[in-house]
Amino acid sequence: MSNIVLIGAQWGDEGKGKIIDILTEKSDYIVRYQGGNNAGHTVKYADKKFVLHLIPSGILRSGKKCLIGNGVVLDPEAFFEEIETLEKKGVSVKGRLFVSDQAHLIFPYHRLFDTLREESGASQKIGTTQRGIGPCYEDKMARLGIRVADLVGEPQFFEKRLRHVLEIKNKILSKIYHHKPLRPAACIKPYLAYRTRLIPYAANTSLILNKAIGNGKKILFEGAQGTLLDVDHGTYPYVTSSNASAGGALTGTGVGPTQIDEVVGVIKAYTTRVGEGPFPTEFPEDLVKKIRDKGEEYGATTGRPRRCGWFDAVIGRHAVSVNGISSLAVMKLDVLDELREIKICTGYRYKSKILKDFPSNVEILKRCSPVYESHRGWLGNISGLKRYQDFPPAAKKYLRRIEQLMETPIKIISVGSNRAQTVMLS
Ligand code: IMP
């Protein structure tokens with residue numbers, strides 16, 4: 001048995017798409033457990049580039065079953081758009097893609113509230129993807145959400161529920177945002193059209209997964225975003241609204257903790273983040289440009305340029321701890337090829353103290369300055385290397401130091417975006 005949870009150990013965009021694609025080969029079921037179409041998992045496959053936002057990346061390998069778990073928030077418009085894009089590129093989802101009937105649905109008012117809140121200046125700007133993710137999770141917790149089961153059930157009950165929710169939303173829209181109210185028909189009609197299309201995909205995915213596990217099938221839990229964007233363990237409030245850490249894989253799918261064998265943490269050889277919020281190791285402007293261009297550091301969902309910085313072992317250790325990471329995949333090591341000096345942050349200086357543990361208070365984090373150790377760069381092209389023993393000594397030293405600081409073995413090293421540019425360590 002080998003059921004693997006794959007998570008991002010930084011602020012997302014670690015390169016999870018490529019590792020999911022590789023691990024999918026040995027998995028039978030691939031399941032997304034949190035987030036929604038705010039994610040952007042890039043996979044290069046058969047000379048084609050795919051960016052998946054909502055559908056598990058495993059869909060690209062024929063015969064694999066893909067599930068969208070109850071912890072995901074599902075925008076039906078994005079869901080069907082993604083299916084169409086896949087089918088146009090020759091990837092059929094028929095009979096192997098299922099959506100939890102307990103997953104919450106994103107409605108146009110969620111996207112509207114996401115934008116209004118970000119633009120109002122009334123609260124802290126988070127720099128969200130404006131896909132309605134946060135407002136949909138808010139409704140879930142406030143027990144004002146509408147789930148897939150509500151939509152695929154009797155239309156009159158769905159309509160009644162939507163009218164009730166819209167009444168509340170319209171009060172907030174007019175009183176707080178001075179925005180015109182939304183007409184129920186504008187939501188009901190398109191969603192009833194989605195209903196017909198969604199029925200074949202809706203299922204009790206927890207039941208499917210647990211049966212599959214009972215039959216010895218292998219499950220890959222595909223995390224989205226990253227630990228530092230987790231609503232509990234991240235840089236709150238500059239986070240997404242779901243549990244992007246390993247715990248989310250359980251609550252977001254209805255599978256118990258005793259069924260998980262491994263937790264793979266994906267890290268970039270440096271650090272990036274999109275959106276607002278503290279980022280202690282952020283590069284000075286000249287280095288940002290160099291790494292952003294070489295690493296193609298632009299958001300896969302929004303196209304926004306990513307902020308870039310040195311590898312941060314404080315957040316790394318935090319991620320190992322809260323996720324129980326059993327091994328690491330280090331991505332984009334080749335992006336550092338031309339650097340004479342490479343730094344690793346080993347602690348934070350706050351006032352007269354050196355912090356080794358990640359602080360929970362975001363105001364403290366904002367005021368921390370990184371404590372660095374300096375490493376010699378390898379100044380050579382490693383993107384064609386196939387075996388670890390051929391890596392330049394300086395690159396090996398850098399990797400060993402990351403392992404040591406994170407107290408976790410590295411099992412995968414990625415030196416380029418193609419599948420072949422991956423070195424597996426035993
Ligand atoms: P939301 O998830 O759209 O609410 O955005 C909240 C924060 O999470 C923002 O800083 C986004 O930039 C960030 N975020 C959301 N999804 C991703 C992702 O897939 N990669 C990186 N950052 C993300």
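How far apart do the C-alpha centres of domain 1 and domain 2 lie? They sit 23 Å apart.

## The model and its domains

This is a predicted model, so a few ground rules apply: local features need pLDDT of at least 70, side-chain atom pairs count only at pLDDT 80 or more, and totals for chains, interfaces and linings use all residues. Residues are numbered from 1 along each chain as its sequence is written, and side-chain values use heavy atoms, with hydrogens and water left out.

The protein chain is split into domain 1 (4–103 + 201–263), domain 2 (104–198) and domain 3 (268–424), with bounds that come from an automatic or database domain assignment.

About 2200 Å² is buried between domain 1 and domain 2, with carbon and sulfur atoms giving 58% of that. Buried area is the accessible area (1.4 Å probe) that two parts lose on being put together, summed over both.

The rule finds 3 salt bridges across this interface, a salt bridge being a side-chain nitrogen of Lys or Arg within 4 Å of a carboxyl oxygen of Asp or Glu. There are also 10 residue pairs in polar contact, both residues at pLDDT 80 or more. A polar contact is a pair of N or O atoms within 3.5 Å; within protein, one must be able to donate a hydrogen and the other to accept it, and residues adjacent in sequence count only if both atoms are side-chain atoms.

Helices (H or I, at least four residues) and strands (E, at least two) are DSSP runs, numbered from the N terminus.

## Salt bridges by name

Searching the whole structure turns up 21 salt bridges. In one of them, Asp75 pairs with Arg111, with the closest N and O atoms 2.5 Å apart. Asp75 is in the loop between S6 and H2 while Arg111 is in helix H3, so this pair ties together parts that are 36 residues apart in sequence.

Glu84 forms a salt bridge too, with Arg197 as its partner and 3.3 Å between the closest N and O atoms.
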